[in-house]
Amino acid sequence: MEGNLNALTTIFTEFYYWVTIVMMFLIHVGFCTYEVGVSRRRNHLKTLMKNAMAIPLVTVTFYFFGWWIYFGFPNGPGMVPGGLAAAPFAEPWNPLMATHLSGVSPGETGVTPTEAALWHRLNGVFWGAFLLFSITTASIISGSIIERARSGAFWIVAVLIGSVLWILDASWGWHPQGWMVKLWGYHDAYASGVVHAIAGGAALAFLIVLGPRIGKFRPDGTARDIPPHNVWLVTIGLFLIYTGFWGFYAACNIPLISPATIAGQITGDTWTATNIYLAPTTLSAITFNFLMSLSGGMMAGYIVSKGDPFWTFSMGLCGVISASAGNDLYHPIQAMLIGAIVPSICYKLHYFVERRFKIDDAVGAVAVHGYGGFLGVVVAGFMLWGQPSSPYEGFAHINPLGNFAGAVLMFALGFIPTFVVCKILNSMNLLRVPAKVELEGVDFALNHAFEASVREVGSAEKAMIK
């Protein structure tokens, strides 16, 4: 009976994560739709393809090294004993990273038959769920830099953030044995900092080096409003992102774990779902809090923006992000209030930074994801002060200092490396399109190049006929 139950649990878990992957793909349908809706007509094609091609680039690089980083670095750079952790099931040359249903095979060193049976069923769907987190983290940057950044520069940063930096901070603070959880009591159940703060930090660094769009600021330094080209596409895109975030939230949980699986740390006779730290939670809890934080953000967005649809829907997303760090433990009314107050602050910060520092963030990604994720982690440290960060004994409890330090680390881990890379690319004239191309529109520049090549081929054919 126990063997049959374990087998059923494994098959159910496999299907559960597979469904979350399908749902999370809607996030990227939403990103593409949303960014095309924000961009002006002369830049639609470039905007679409810049974001879309990040998907295969991050997928391939995450397969080769991103997945291994998550399992290899939970101890950090010597923060706790243990050094580099072994992760044979995450090595791209290992049979466990391929289609394989037999027992332990050659090349699977250090893997027991039980582990092999489990990882043959679950490795691909676990990898796929984390991959979609990776692509999301990279895509957050894409919208902020539209209409003037070179695609190649964005793709380099997308791989850096999506397959290296975010998964490194996930290993530290979003892993059951992560050193930030052990030593600081860091708590970020649905990735306010791990995904959003790091992406926001990277987007801000990119924008500082990239500079504003031509015409964004008047000669006296005041900003011109460049409204979305198609508010309907923006609306559809953001609602698709909301929908995909249901899969994001579900994928941050482990659906069914036996108490015995966690060395007795989870007590009780029933099986339970857990958050990413293996602490008990339920889909019912996150359903309450997801919808309440979304609603708080949308209502606050409608009020502070005076009914502007772009900011109403964007602040709804910010509401979810700002409450995500603690949405496994918040009361629904707490989630609603956090989801309303934090986005209101982020909205004000967006325009303050735009005026003061001349930062041109076309979609408000730094505010929605960066400031919202950062403040969400900080707020969780206060609201959940004293709660266990983990079911394991000896781990620090959730506290304001640990979460604040974690939020700073996440933002800096996105900002500093991206700033350095963008500076290097800019010095090589590889970061921004030429001013002439930007003014004409990148799509028109591409069309001119295509038409010129067609004319050249046509001339060659005529010469051959003669």
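Let's start with two helices. H8, residues 231-251, packs against H10, residues 309-324, at an angle of about 15 degrees, and their axes are 9 Å apart. Angles under 35 degrees count as roughly parallel, so H8 is roughly parallel to H10. Their crossing is left-handed. Keep in mind that this is a predicted model.

Who makes the contact? On the H8 side, Val 231, Val 234, Thr 235, Leu 238, Phe 239, Ile 241, Tyr 242, Phe 245 and Tyr 249. On the H10 side, Pro 309, Phe 310, Phe 313, Ser 314, Gly 316, Leu 317, Val 320 and Ser 324. By class, the H8 contact with H10 has 13 nonpolar residues, four polar ones and no charged ones.

Stay on H10 and turn to its contact with H12. Helix H12 covers residues 365-383, and H10 packs with H12 at about 30 degrees, with 8 Å between the axes. H10 and H12 are therefore roughly parallel to each other. The crossing of H10 with H12 is right-handed, whereas that of H8 and H10 is left-handed.

From H10, the contact with H12 uses Trp 311, Ser 314, Leu 317, Cys 318, Ile 321 and Ser 322. H12 brings Ala 367, Val 368, His 369, Gly 372, Gly 373 and Gly 376.

H12 has another partner to show you. Helix H7, residues 192-210, packs with H12 at an angle of about 135 degrees, with their axes 7 Å apart. That makes H7 oblique to H12. The crossing is left-handed.

What does H7 put into the contact with H12? Ser 192, Gly 193, His 196, Ala 197, Gly 200, Ala 203, Leu 204 and Leu 207. H12 answers with Val 366, His 369, Gly 370, Gly 373, Phe 374 and Val 377. The count for H7 with H12 is seven nonpolar, seven polar and no charged residues.

Now the strands. Three of them form an open sheet, in the order E1-E2-E3, with antiparallel pairing. E1, residues 254-257, and E3, residues 280-281, are the edge strands, each pairing on one side only. Strand E2, residues 272-274, is joined to E3 by two bridges, and the two run antiparallel. Which residue of E3 stands opposite Thr 274? Pro 280 does.

Last topic: the aromatic rings. Searching the whole structure gives 43 aromatic pairs. Take Tyr 63 and Trp 127. Their ring centres are 5.9 Å apart and their planes lie at 85 degrees, so this pair is edge-to-face. Tyr 63 sits in helix H3, residues 54-72, and Trp 127 in helix H4, residues 113-144, so the pair ties together parts 64 residues apart in sequence.

How values were computed: Residues numbered from 1 in each chain as written. Predicted model: local features only at pLDDT ≥ 70, side-chain atom pairs only at ≥ 80, totals over all residues. Heavy atoms only, no water. Axes fitted to C-alpha atoms, helices over the stretch in contact; angles between N-to-C directions. Helix = DSSP H or I, 4+ residues; strand = E, 2+ residues; numbered from the N terminus. Parallel < 35°, antiparallel > 145°, perpendicular 65-115°, else oblique. Left-handed = near helix turned anticlockwise from the far one by under 90°. Contact = heavy atoms within 4.5 Å. Nonpolar A, V, L, I, M, F, W, Y, C, P; charged D, E, K, R; others polar. Pairing = 2+ DSSP bridges. Phe/Tyr/Trp six-rings, centres within 6.5 Å; stacked < 30°, edge-to-face > 60°.
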